[in-house]
Amino acid sequence: MCSMATITHEEFKTACLEFLKLAEKLRDTWKLRNDIPDKDAVCIHKIQYGEESKGKTDCDVRSQYEEEKEEQDDEDKEAEPEDPSIMIQTHMAKFFITFDYHIVYSLSHSVPVLYFNAWHSSGQLLSLDEVWERVDATHREQIISNKWGTLTQVEHPLLGRPYFQLHPCNTAKLMGQVIPQSASSHSPATLRTYLVSWLSMFGPPVGLELPLCYFAEQDDPLREENNSKSGRDCVT
């Protein structure tokens with residue numbers, strides 16, 4: 001029997017529904033998108049927050065703080081001065097980046113694809129250069145060496161808006177190496193394992209980690225291998 005490198009669109013739907021059941025059980029925040037124009041398509045998503053200061057120096061934050069300080073009105077300027085170091089630390093703490101991760105099916109590659117958008121606390125979307133700068137250190141060299149063929153901005157296939165995408169060209173090859181031959185039955189549990197395993201490989205480079213408890217729920221030979229790759233605790 002051949003390995004489970006690809007899945008059909010219907011199997012992807014099953015995988016997503018099984019994954020959402022598990023996410024709800026683990027109190028994770030993955031949800032089904034209900035605003036997709038194509039009613040036959042499935043898209044699940046998760047909102048996550050990260051530190052804006054990643055890749056940003058204290059000088060960058062200080063400069064931004066000083067610029068905003070100059071824009072204060074006269075009444076604020078006349079107020080009792082505060083310790084600048086404390087003010088800058090507070091200023092750094094209030095900045096964050098919002099990530100919206102989407103899992104969508106690729107009809108051309110017959111595999112899941114990870115799309116995402118990210119924006120600053122000001123509401124401004126991250127540029128592609130900023131996204132490249134935020135790639136996880138473990139995967140940075142591999143992705144940056146072929147960044148135009150790995151992580152780029154494209155049109156979301158279901159929403160028609162620009163999103164960042166991890167290219168699916170090598171997904172089938174990777175999944176064929178991960179999912180054992182015995183998993184070719186494509187049962188609902190196996191399809192869920194397929195999606196969990198896929199997400200454990202494609203999520204971390206762009207800041208999306210799966211909690212360890214997702215792997216503890218997998219009743220298959222992948223459990224031990226995936227547990228060794230993830231040190232995250234369960235969502236609480």
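Author: Helices α1 and α9 are roughly perpendicular to each other. The model is predicted.

Reader: Why are α1 and α9 called roughly perpendicular?

Author: The axes of α1 (residues 9–25) and α9 (residues 188–202) cross at roughly 80° and come within 8 Å. Angles of 65 to 115 degrees count as roughly perpendicular, and the pair therefore gets that label.

Reader: Which residues of α1 and α9 make the contact?

Author: From α1 come E11, T14, A15, C16, E18, F19 and L22, and from α9 come P188, L191, R192, L195, V196 and L199. By class, this contact of α1 with α9 has 9 nonpolar, 1 polar and 3 charged residues.

Reader: How many disulfides does a search of the whole structure find?

Author: The search finds 0 disulfides. For C43, the nearest cysteine sulfur is that of C16, 8.3 Å away. A disulfide needs sulfur atoms within 2.5 Å, and C43 is in no disulfide.

Reader: What makes C43 count as buried or exposed?

Author: C43 has a relative accessible area of 1%. Buried means under 20%, so C43 is buried. C213, at 7% relative accessibility, also counts as buried.

Reader: How many aromatic pairs are found, and what makes the pair of Y49 and F96 stacked, tilted or edge-to-face?

Author: The whole structure has 9 aromatic pairs. In the pair of Y49 and F96, the ring centres are 5.8 Å apart and the planes stand at 80°. Centres within 6.5 Å make a pair, and planes over 60 degrees apart count as edge-to-face, so this pair is edge-to-face. Y49 sits in strand β2 (residues 43–51) and F96 in strand β3 (residues 96–106), 47 residues apart, and the pair links distant parts of the chain.

Reader: How do you know whether Y49 and F96 are exposed or partly exposed?

Author: Y49 has a relative accessible area of 57%. Exposed means over 50%, so Y49 is exposed. F96 is at 35%, which lies between the 20% and 50% limits, so F96 counts as partly exposed.

Reader: Why is the pair of Y101 and F116 called tilted?

Author: The ring centres of Y101 and F116 are 5.8 Å apart, with the planes at 40°. Stacked needs under 30 degrees and edge-to-face over 60, so the pair of Y101 and F116 is tilted. Y101 lies in β3 and F116 in strand β4 (residues 111–120), so the pair ties together parts 15 residues apart in sequence. Y101, at 0% relative accessibility, counts as buried, and F116 is buried at 1%. F99, Y101, F116 and F164 form one aromatic cluster.

Conventions: Residues are numbered from 1 along each chain as its sequence is written. This is a predicted model: local features need pLDDT of at least 70, side-chain atom pairs count only at pLDDT 80 or more; totals for chains, interfaces and linings use all residues. Side-chain values use heavy atoms; hydrogens and water are left out. Buried means under 20% relative accessible area, exposed over 50%, partly exposed in between (1.4 Å probe, protein chains only). Rings of Phe, Tyr and Trp (its six-membered ring) pair if their centres lie within 6.5 Å; planes under 30 degrees apart count as stacked, over 60 as edge-to-face and the rest as tilted. Helices (H or I, at least four residues) and strands (E, at least two) are DSSP runs, numbered from the N terminus. Axes are lines fitted to C-alpha atoms, for helices over the stretch in contact, and angles run from 0 to 180 degrees between N-to-C directions. Angles under 35 degrees count as roughly parallel, over 145 as roughly antiparallel, 65 to 115 as roughly perpendicular and the rest as oblique. Contact means heavy atoms within 4.5 Å. Ala, Val, Leu, Ile, Met, Phe, Trp, Tyr, Cys and Pro count as nonpolar, Asp, Glu, Lys and Arg as charged, and the others, Gly among them, as polar.
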